[in-house]
Amino acid sequence: MMEQDLDDLLATARNHAPSPSGALLARILTDAEAEQDRWQPRAASRRRWTRFLPLVLGSVGATAGMATAALAGVWIGYAQPETLTTVTGALWADQRVDLLPTYDFVTE
């Protein structure tokens, strides 16, 4: 019973939908034209990608930390301190690990 009453009410509302008056539509159109005249497109600016890097990574501190970690990784990989060689030697005592493989298969 309740569903039928609600369905009838909604059908009546659909059939008698209010329409805006001509004066209201004229005011909306006038306001829209005034706003359209005021709008000016912004000139495209050339921005460097490095300005957006801290925004992508979270903050300047995070960017500095990632840069420091990257430089430390390059330095450790290039310098190969004695303690690092000892640790890797203990981990891979019987195995040969070729971290920088050659590309002989290309020339064969």
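Trainee: So helices are DSSP runs (H or I) of at least four residues, numbered from the N terminus. Which residue follows H4, then?

Mentor: Glutamine 80 comes after H4, and its phi is positive, near 45°. Keep in mind that this is a predicted model.

Trainee: Noted! How far apart are the end C-alpha atoms of helix H4?

Mentor: They are 28 Å apart. H4 covers residues 60-79, so at 1.5 Å a residue its 20 residues should span 28 Å, and the two values agree.

Trainee: Let's zoom out. How many helices and strands does the chain have?

Mentor: There are six helices and zero strands. Going along the sequence, the pattern reads α-α-α-α-α-α.

Trainee: And what share of the residues is buried?

Mentor: Buried residues account for 1% of the 108 residues in the chain. The chain's accessible surface is about 10700 Å², with 62% of that belonging to carbon and sulfur atoms.

Trainee: Which residues form the nonpolar patch on the surface?

Mentor: That patch is made of Phe52, Leu55, Val56, Leu57 and Met66. Together they have about 510 Å² of accessible area.

Trainee: Which helix gives the most to it?

Mentor: Helix H3, residues 53-57, gives the most, with three residues. Leucine 55 is found in that helix, H3.

Trainee: Why does leucine 55 count as exposed?

Mentor: Its relative accessible area is 65%, and exposed means over 50%, so leucine 55 qualifies.

Trainee: Switching to charge: which residues gather in the negative patch on the surface?

Mentor: Glu3, Asp5, Asp7 and Asp8 make up that patch of negative charge. You can find aspartate 8 in helix H1, which runs over residues 2-15.

Trainee: What's the call on aspartate 8: buried, exposed or partly exposed?

Mentor: Partly exposed. Its relative accessibility is 40%; buried means under 20% and exposed over 50%, so aspartate 8 lands in between.

Trainee: One last thing about helices in general. Why do residues three or four places apart point the same way?

Mentor: Because an α-helix has 3.6 residues a turn.

Methods. Residues numbered from 1 in each chain as written. Predicted model: local features only at pLDDT ≥ 70, side-chain atom pairs only at ≥ 80, totals over all residues. Heavy atoms only, no water. Patch = residues over 30% accessible without salt bridge, like charges linked within 9 Å, V, L, I, M, F, W, Y side chains within 5 Å. Areas by Shrake-Rupley, 256 points an atom, 1.4 Å probe, with all protein chains shown as cover. Salt bridge = Lys/Arg side-chain N within 4 Å of Asp/Glu carboxyl O. Helix = DSSP H or I, 4+ residues; strand = E, 2+ residues; numbered from the N terminus. Buried < 20%, exposed > 50% of the residue type's maximum accessible area, 1.4 Å probe, protein only. Expected span 1.5 Å × (residues − 1). Lys, Arg positive; Asp, Glu negative; His and termini not counted. Charge placed at Lys NZ, Arg CZ, Asp CG, Glu CD.
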